[in-house]
Amino acid sequence: MKISNRRSRRAATAVALGAVLALTATACGDDGSGTGGDKGADGSGKGKIVFWDNNGGVRTEIWKEVIADFEKANPDIKVEYVGIASTEYQSKVDTALQGGGLPDVGGVGAAMLAGFAAQGALEPLDERLEKSSLNGKLNKDMVESLKAAGGGDDKLYSIPTSANNGVLYYRTDLFKKAGLEEPTTWERFFTAADKLTNKGKNEFGYTIRGGAGSIAQALDAMYGQSGITSFWDSSGEKTTVNDPKNVAALEKYAALYKKVTPAADLNNDFTKMVAQWDSGTIGMLNHNLGSYQDHVKALGVDKFRGIPQPTGPGGKRVQVSNPVDGMGLFKSSKNKAAAWKFIEFATSKAENSKFNEAAGQVPSNTDAAKDAWISKAEPTKLAADALSDGSTTIVQLPYYLPDWNTISKADNEPNFQKVLLGKMSAKEFLDTLAEQLNAAQEEWDQQKG
């Protein structure tokens, strides 16, 4: 795997995905305080803790299994589960930061990490990990990924649970019937999207993500087609998102909407998009390893495949990074000892393997990563091969910017919908995004000064 990044420290985050895949509510505060300034307490190591799941609904069932196992092994600790949809999680935490009511433990992935850490919401976990049974059992690159995403102070604010990767799922039965080649290149992808569309029969070649989470998927399609291998230009201060090649790539990608995709895609987040693909006659879907098991349940293993993202210019594959997910300990917790026990347990070999097999993702626990189910999950195996054979370049997204999540979601998802509707040009959209990113980078550089 080739990595092109602005700074060597950020390269660690990109290395993580390749290396890992290659292995392959009432809160705790007694006084109601949940602000970043509340230092909390270790507590007795017993009693009740509150856990906020950052992908509620999708992962509720497996988390409840992990919690049941934990409570059986630790009968003096009770875990209150609160499932929060991924699209609502950041605003829920931000609200609690201002008004109180943070949990003891919560899902904290790379994309949100810097923002929460910058507000003083999270407990540094380096010392706890060093003294833990987990020490030496977590993939080092995943740990470094979350350190790099934490905002630049080289502290660990989240214990990794899993790694993900972008996947192009396609219906093998529909491709065979239409006499189409596997969509291993962007040229084949666009050809298939067109040929598999028959609006009169409600058949579409592709489903595009227009709702929550749309920006990351759009960036993947842009950089994949353009072949640009760095998020920042040679100066290190200006983003490449609005490079003319990326503008042209986004124009071509956005033009798919309603031409070869359902109109409902405009508002579809990943759950709606995945459900639509599983129940309909749509040729292709871009998502990640996390939805693999959903497709197996809906379609069986014979009607679809999940392959690495298509290759672009010169047969090279360029993709943007996908975040490592993890569990953070909130600083305001009054029962940090019990909360840490839960984090340790959830990332132990057996539980981490169980969780990731259900989620279709790659375990952070190195012993769990050796379990047999991983090699049987074809998309995971293929992704590992693609990331280790030198054909793939990772464009590292700037998760370290505290404003990254806001810029890439709330500030620009509505604008991307305007692009799909033809109310905003791809160039105007990307110029606006670039202006915000450049300003955030400048501010970050000044602060780190």
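View 1. Trp404 counts as buried because its relative accessibility is 5%, where buried means under 20% relative accessible area with a 1.4 Å probe and protein chains only. Phe231, at 2% relative accessibility, also counts as buried. The model is predicted: local features need pLDDT of at least 70, side-chain atom pairs count only at pLDDT 80 or more, and totals for chains, interfaces and linings use all residues. Residues are numbered from 1 along each chain as its sequence is written, and side-chain values use heavy atoms, without hydrogens and water.

**View 2. Aromatic pairs.** Rings of Phe, Tyr and Trp (its six-membered ring) pair if their centres lie within 6.5 Å; planes under 30 degrees apart count as stacked, over 60 as edge-to-face and the rest as tilted. By this rule there are 23 aromatic pairs. Phe231 and Trp404 are edge-to-face, because their ring centres are 6.2 Å apart and their planes stand at 85°. The rings of Phe416 and Phe429 have centres 5.9 Å apart and planes at 50°, so this pair is tilted. Both Phe416 and Phe429 are buried.

**View 3. A cluster of rings.** Phe51, Trp63, Phe70, Tyr81, Phe342, Phe345 and Phe355 are linked into a cluster by ring pairs.

**View 4. Lysines over ring faces.** A charge sits over a ring if NZ of Lys or CZ of Arg is within 6 Å of the ring centre and within 35 degrees of the ring normal. Lys92 lies over the face of Trp52, 5.5 Å from the ring centre. Lys252 lies over the face of Phe190, at 4.4 Å from the ring centre.

Methods:
Buried means under 20% relative accessible area, exposed over 50%, partly exposed in between (1.4 Å probe, protein chains only).
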